[in-house]
Amino acid sequence: MISLNRYSVLEPTTTRVVLGVRKLLAVMSSTFMNGGGGVRDLYGEDRATEDQLIITPRSFSVSSGCTLLRDPRYNKGLAFTERERDAHYLRGLLPPAVFNQELQEKRLMHNLRQYEVPLHRYMAMMDLQERNERLFYKILIDNVEELLPVVYTPTVGEACQKYGSIFRRPQGLYISLKEKGKILEVLKNWPEKNIQVIVVTDGERILGLGDLGCQGMGIPVGKLSLYTALGGVRPSSCLPITIDVGTNNEKLLNDEFYIGLRQKRATGKEYAELLDEFMRAVKQNYGEKVLIQFEDFANHNAFDLLAKYSSSHLVFNDDIQGTASVVLAGLLASLKLVRGTLADHTFLFLGAGEAGTGIAELIALEISKQTKAPVEETRQKIWLVDSKGLIVSSRLGSLQHFKKPWAHEHEPVKELVDAIKAIKPTVLIGSSGVGKTFTKEVIEAMASLNKKPLILALSNPTSQSECTAEEAYTWSKGQAIFASGSPFDPVEYEGKVFVPGQANNAYIFPGFGLGLIISGAIRVRDEMLLAASEALAAQVSQENYDKGLIYPPFSNIRKISAHIAANVAAKAYELGLASHLPRPKDLVKYAESCMYSPGYRNYR
Ligand SMILES: NC(=O)C1=CN([C@@H]2O[C@H](COP(=O)(O)OP(=O)(O)OC[C@H]3O[C@@H](n4cnc5c(N)ncnc54)[C@H](OP(=O)(O)O)[C@@H]3O)[C@@H](O)[C@H]2O)C=CC1
Ligand SMILES: CC(=O)C(=O)O
Ligand SMILES: [Mg+2]
């Protein structure tokens, strides 16, 4: 193992080699085998997104033997060559066969496919991540459409629900109320110092599954593995964090295997102080440019945290902003199928929380940008229904602040289907977290009003989806353009195959984050979200449209992410928020060159 310029602990099985700089450079340049796609610098793409390369150290550490086999970042398992086995004291610790990474991948995919229970696949993937990180990312990248539902929604939802009983080794950083006053010290316990992206949750709104407390850790871990696999951000710069302020989930509080604090959630001042200490400690420890992605906070905290820290930190709320950007992209793309402009459409949401109001606002902004009409005016064609019915002006006094802009003049309407009949939307978006709410009557109402109704069932995981793909296509008699938060298989209806798209913020956040990193952006702005949407929409091909798709397939996601990153970075430069100067000429190429690739390196 070669560890440069860092805190490498010298363990008994570690030999330290001291070299002159010139010799070190020679060794390094011949040492790394480029895995494809990364920049060809001395460090390989592992450090490509770092601020600058510092080539000062005169030593590197070579861990060997069992220590090397147990280090997931450097372990290659049977792929260690004969020469490496000699050089690193691995003789006898491995069986004689030498496999290349492709053969390892083939074997692993074969084994993975033997598991019929998705959770078992998830656990096998987590085991692999902790055993051989490069192989984990190699198989995730190469089999992204097959494995996304395993490491991400829907399976990650079940994994979080059962996190206590499937818990093996800790992943990520846990910051609980017990660490109040010591958060900076806790951050310093994390072995990596060059952190570029943190995904943090407090576990209160995990997908549409509600409060899972500390067990929400599966979400930051999963999201960050997508940062690497889909966006090319190197794994060592990603930090998953769960803030544990307790849980109000009685089932978990009474579960003997629950891994979190066994108390009700802290709220008010106690909550705010812990979060504030966390935000200050992150900036102090990692600097101004670390991206903090808020994930799956309940809406009574999410909007306030975003507003509070967006002027002092590089913060991004994936559920509000990432979801908005992915849905806007789908809408822009859908105009190829339904014609007209965004301003010609009428939008109705079931669910007026983070996702719903976040999307609504970005649509209003985009229409305002396109038509030059004030956003107060462009909001008028966007309507939302919450658990109490249509959001109308007579409810203004009791509405949460984020719903108020959507309280238009209308008589109260309780049921979704009646709201559809009254508002006559062309687009129906489900963001309620409640499954089966797009009933046959709802879909039929949309199909009776529109030749091609656009129906997005965004809620995750699959159990919470507002309807299935099959329901959307059959109840609309094949008229619907449909996409969902969690994936569905293609559906055959009356001899025609309909391919549903996946409207999930996973299309956006990896490329969005990469764009912030490569430009050295210091703040997130709405214009960057619009730029990301436009880049994603531009990646939908005629072949995709011909299948009724409004999103490109995930199999192209790294190329898509590079385009998103480039557009986001370009916007950061345009807005004067980028700190990496000079601006690279070709931002797409630059983004691609910065991406981590999981091919093995040769160790001398
Ligand atoms: N596809 C994707 O990329 C994403 C999907 N999501 C999914 O969206 C869902 C919602 O997330 P989020 O917006 O953050 O959650 P929130 O809790 O912020 O909002 C949920 C909204 O749904 C409303 N609601 C709840 N039950 C009903 C019901 N029976 N009828 C009508 N409205 C109802 C709530 O009403 P009230 O305010 O009255 O309580 C609230 O307005 C989750 O399932 C999540 O997984 C989220 C982000 C990204
Ligand atoms: C996808 C996502 O972020 C969610 O469902 O919360
Ligand atoms: Mg989320």
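Lys-223 contacts Tyr-152, Val-199, Gln-293, Glu-295, Asp-318, Asn-505 and Phe-509, leaving aside neighbours within four places in sequence; contact means heavy atoms within 4.5 Å. This is a predicted model, in which local features need pLDDT of at least 70, side-chain atom pairs count only at pLDDT 80 or more, and totals for chains, interfaces and linings use all residues. Residues are numbered from 1 along each chain as its sequence is written, and side-chain values use heavy atoms, with hydrogens and water left out.

**Annotated site**
- UniProt, in an unreviewed entry, places the feature "active site" at Tyr-152 and Lys-223; such annotations may be inferred rather than shown by experiment.
- Lys-223 sits in helix H11 (residues 218–229); helices are DSSP runs of H or I, at least four residues, and strands are runs of E, at least two.
- Tyr-152 is in the loop between helix H7 (144–151) and helix H8 (155–161).
- Lys-223 is buried at 3% relative accessibility, and Tyr-152 at 4%; buried means under 20% relative accessible area (1.4 Å probe, protein chains only).
- Beyond four places in sequence, the contacts of Tyr-152 include Leu-226, Asn-504 and Ala-506.

**Aromatic pairs**
- The whole structure holds 13 aromatic pairs, counted when ring centres of Phe, Tyr or Trp (its six-membered ring) lie within 6.5 Å; planes under 30 degrees apart are stacked, over 60 edge-to-face, the rest tilted.
- Tyr-507 and Phe-554 are stacked, with centres 4.0 Å apart and planes at 10 degrees.
- That pair links distant parts of the chain, 47 residues apart.
- Tyr-507 is buried at 2%, and Phe-554 at 5%.
- Ring pairs join Tyr-473, Phe-482, Phe-488 and Phe-498 into a cluster.

**Open sheet**
- Seven strands form an open sheet with mixed pairing, in the order S11-S10-S9-S12-S13-S14-S17; strands pair if DSSP finds at least two bridges between them.
- Strands S11 (389–390) and S17 (501–502) are the edges, each pairing on one side only.
- S10 (residues 382–386) pairs with S11 in the antiparallel sense over 2 bridges.

Methods. Chains are lettered from A and ligands numbered from 1 in the order in which they are written. Buried means under 20% relative accessible area, exposed over 50%, partly exposed in between (1.4 Å probe, protein chains only).
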